[in-house]
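Thanks for asking me to look this one over.

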Amino acid sequence: MAHPPILVTGGAGFIGSHLCDALVAAGRPVRCFDNLVTGKRANIAHLEGRPGFTFIQGDIRAMADLRAALDGVRDVAHLAALGSVPRSIATPLESEATNLAGFLGLLEAARAAGVRRIVYASSSSVYGDSPVLPKKEGTEGRPLSPYAVTKSMDEAYANLYHRMHGTEVVGLRFFNVFGERQDPEGPYAAAIPKFIRAFLRHEPPRIHGDGRQTRDFTYVGNAVDAVRCALDAPLAAAGEVFNIACGTSCDLLTLVDRLRERLAVGDPAVAAVGVEHAPERPGDVRASLADITKARDLLGYVPRYSLADGLDRAVPWYVEHLR
Ligand SMILES: NC(=O)c1ccc[n+]([C@@H]2O[C@H](COP(=O)([O-])OP(=O)(O)OC[C@H]3O[C@@H](n4cnc5c(N)ncnc54)[C@H](O)[C@@H]3O)[C@@H](O)[C@H]2O)c1
């Protein structure tokens, strides 16, 4: 019998569009759902018209949209959210409406539709002010931003729905995902695409603070693998949350050096571009490094791409698309 479609919310976004690519390549029917607030039709244009792929423009804050999208769906990969810590500090009500109320709406609509499993994106930001390194599930601190609060609450609801209704909800705490199609534009853009864009313009990338803050940068191919592992994982994964990362950390100044080296190969002038330091940002975490043992043991997740592998893939894409 043909597989029922997988609903990918936020499927026209950065991680979502890569997930749609992988699922379509594996022959799985995909229903991509997105309101295009930060996602782009261009991210999935190459999939439109492929057998089994459909796009629905809709909003997770609208129950009617969710009900229609969930018709006949067995599994959901829920990636729709408003990302960015600074955005959530500037407009907390918007972040709350999409990331928390939207998620609760999805849990309710999925329950009514008889969905089997929901794999959803949480975030490393739930570790907040915890000084524990590496970050391990069960050592969360106090959230440092409204974004982190929404993701912590999502985890609480997911666990509750699993215990209360038996919904198979699996949470993935992504750590600083990067790769092709991550948007470099706008005030809430992530660090790697912003740094690359600056170098390509021969402008110094702006680093908040001293640049010695560390991150566990995770190539998008690893995040996609993790979602696929979680969709197929044994029932013991339901109600649980998992760190999804590379399992190595790098500080921002080192990251910038690695980007500069790669970009200078095609454009020697980049080698002379320095960095600009700006004040630290509220809500930013100082050090981040994930322990990924739990995801390896329960989901069978093993990162296939190192930071260097990911940069080798992502940098040429930006050179081609931003020039
Ligand atoms: N990129 C990262 O480093 C990272 C880290 C931790 C967690 N996450 C989480 O992973 C998920 C995907 O992030 P991303 O980096 O691909 O971001 P993204 O902004 O590229 O993707 C999010 C998608 O959700 C869509 N969306 C937003 N609000 C919606 C709504 N109300 N209804 C329908 N669609 C809506 C957007 O249009 C966009 O396509 C998010 O839940 C994010 O919080 C990302």
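1. A word on burial before the details: a residue is called buried if 20 or more other C-beta atoms lie within 10 Å of its own, exposed if 12 or fewer, and partly exposed in between, with C-beta atoms placed from the backbone. With 25 C-beta neighbours inside 10 Å, N222 counts as buried. Please keep in mind that this is a predicted model, in which local features need pLDDT of at least 70 and side-chain atom pairs count only at pLDDT 80 or more, while totals for chains, interfaces and linings use all residues. Residue numbers start from 1 along each chain as its sequence is written.

2. Now the overall build. The protein chain has 10 helices and 13 strands; helices (H or I, at least four residues) and strands (E, at least two) are DSSP runs, numbered from the N terminus. Its radius of gyration is 19 Å, close to the 20 Å that the globule rule gives for 323 residues, so the chain is as compact as a globular protein of that length. Here the radius is taken over C-alpha atoms, and the rule is 2.2 Å times the number of residues to the power 0.38. Those C-alpha atoms fill a box of roughly 60 × 45 × 35 Å along the principal axes. Of the 323 residues, 49% count as buried.

3. Contacts across the sequence deserve a mention. Two residues are in contact if their C-beta atoms, placed from the backbone, lie within 7 Å. Among contacts with a separation of 6 or more, 78% are between residues 24 or more positions apart.

4. The sheet is worth a look next. Seen in order, β3-β2-β1-β4-β5-β6-β11 make an open sheet of 7 strands with parallel pairing. β3 (53-57) and β11 stand at the edges with a single partner strand each, so one side of each is left without a neighbour in the sheet. From one strand to the next, the twist averages 20 degrees; axes are lines fitted to C-alpha atoms, for helices over the stretch in contact, and angles run from 0 to 180 degrees between N-to-C directions. Two strands pair if DSSP finds at least two bridges between them.

5. Two of the pairings can be followed residue by residue. Strand β1 (residues 6-9) runs parallel to β2 (residues 30-34), joined by 4 bridges, and I6 stands opposite V30 in β2. Strand β6 (residues 168-174) is joined to β11 by 4 bridges, again parallel, with G171 opposite V241 in β11. Which way do the residues of strand β11 (residues 241-244) point? V241 and N243 point one way and F242 and I244 the other, and all are buried.

6. Leaving out residues up to four places away in sequence, Q57 touches D34, N35 and L36.

7. The ligand site: 29 residues surround the ligand, and the closest are G10, G13, G39, A81 and A121. A residue counts as near if its C-beta atom, placed from the backbone, lies within 6 Å. The elements giving two or more residues to this shell are α1 (14-25), α4 (92-113) and β5 (117-123), and α1 gives the most, with 3 residues. By class, the shell has 14 nonpolar, 12 polar and 3 charged residues. In this scheme Ala, Val, Leu, Ile, Met, Phe, Trp, Tyr, Cys and Pro are nonpolar, Asp, Glu, Lys and Arg charged, and the others, Gly among them, polar.

8. Some backbone geometry to check. Most residues other than glycine have a negative phi, and most peptide bonds are trans. A cis peptide bond joins L133 and P134, with omega about -10 degrees; P134 is found in the loop between β5 and α5 (146-165). S84 has a positive phi, near 90 degrees, in the loop between β4 (75-78) and α3 (85-90), and S84 is buried, with 20 other C-beta atoms within 10 Å. H202 also has a positive phi, near 60 degrees, in the loop between α6 (191-200) and β8 (206-208), but H202 is exposed, with 11 other C-beta atoms within 10 Å.

9. Back to N222, which lies in helix α7 (residues 220-232). Not counting residues up to four places away in sequence, N222 touches C246, P303, R304 and Y305.
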